[in-house]
Amino acid sequence: RICVSLHLPHSVVPLGLSLTAQLICRADLEGLPDVTTPLISPQSSSITCLTVHPCVQAPDVGEGSQTSLCFTPPLGSFTLARFTPA
C-alpha cells in the first residue's frame, strides 16, 4: 500500500495530478524458474499504460482490477513494469 499526501498553500489550485509506478526487481541466481506476480488495483481503479520488461510473457489481464505478470527474471536488477493507476 502506497499513501501519497500532497500539501499545497491555500492559494494554489492544482491543475492535475499524475501518478506513475514502477516495479524494480533483482535476481541473484541465474536460471530461476518462471515467476508469476499479480498486480492488484483497488476496486475503484484500474491499471493503465502498462509497459513491461522484455523478459515478461504477455501480461494476463484478468477480470476487474487484477493483472498477472509471468516472467523469467534476468540476473541482477531490472525494472519489471511501469504503469499508471487510473
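My notes follow in the order I made them.

**Model.** I am working from a predicted model.

**Fold.** I began with secondary structure. I counted 6 strands and 0 helices in the chain. Read from the N terminus, the order is β-β-β-β-β-β.

I then checked how far apart in sequence the contacting residues lie. I took contacts between residues at least 6 apart in sequence, and 71% of these join residues at least 24 apart.

**Surface.** I looked up burial next. The chain has 86 residues, and 20% of them are buried.

**Cysteines.** How many disulfides are there? I found 0 disulfides, using a cut-off of 2.5 Å between cysteine sulfur atoms.

I went through the sulfur distances. For Cys25, the nearest cysteine sulfur belongs to Cys55 and is 8.0 Å away, and Cys25 is in no disulfide. I also noted that Cys25 is partly exposed, at a relative accessible area of 21%.

For my own reference, a disulfide is a covalent bond between the sulfur atoms of two cysteines.

**Charged pairs.** The structure holds 1 salt bridge. Which side chains meet in a salt bridge? They are those of Arg26 and Asp28, at 2.7 Å from N to O. Are Asp28 and Arg26 buried or exposed? I have both Asp28 and Arg26 down as exposed.

Definitions and conventions
Residues are numbered from 1 along each chain as its sequence is written. This is a predicted model: local features need pLDDT of at least 70, side-chain atom pairs count only at pLDDT 80 or more; totals for chains, interfaces and linings use all residues. Side-chain values use heavy atoms; hydrogens and water are left out. Helices (H or I, at least four residues) and strands (E, at least two) are DSSP runs, numbered from the N terminus. Buried means under 20% relative accessible area, exposed over 50%, partly exposed in between (1.4 Å probe, protein chains only). Contact means heavy atoms within 4.5 Å. A salt bridge is a side-chain nitrogen of Lys or Arg within 4 Å of a carboxyl oxygen of Asp or Glu.
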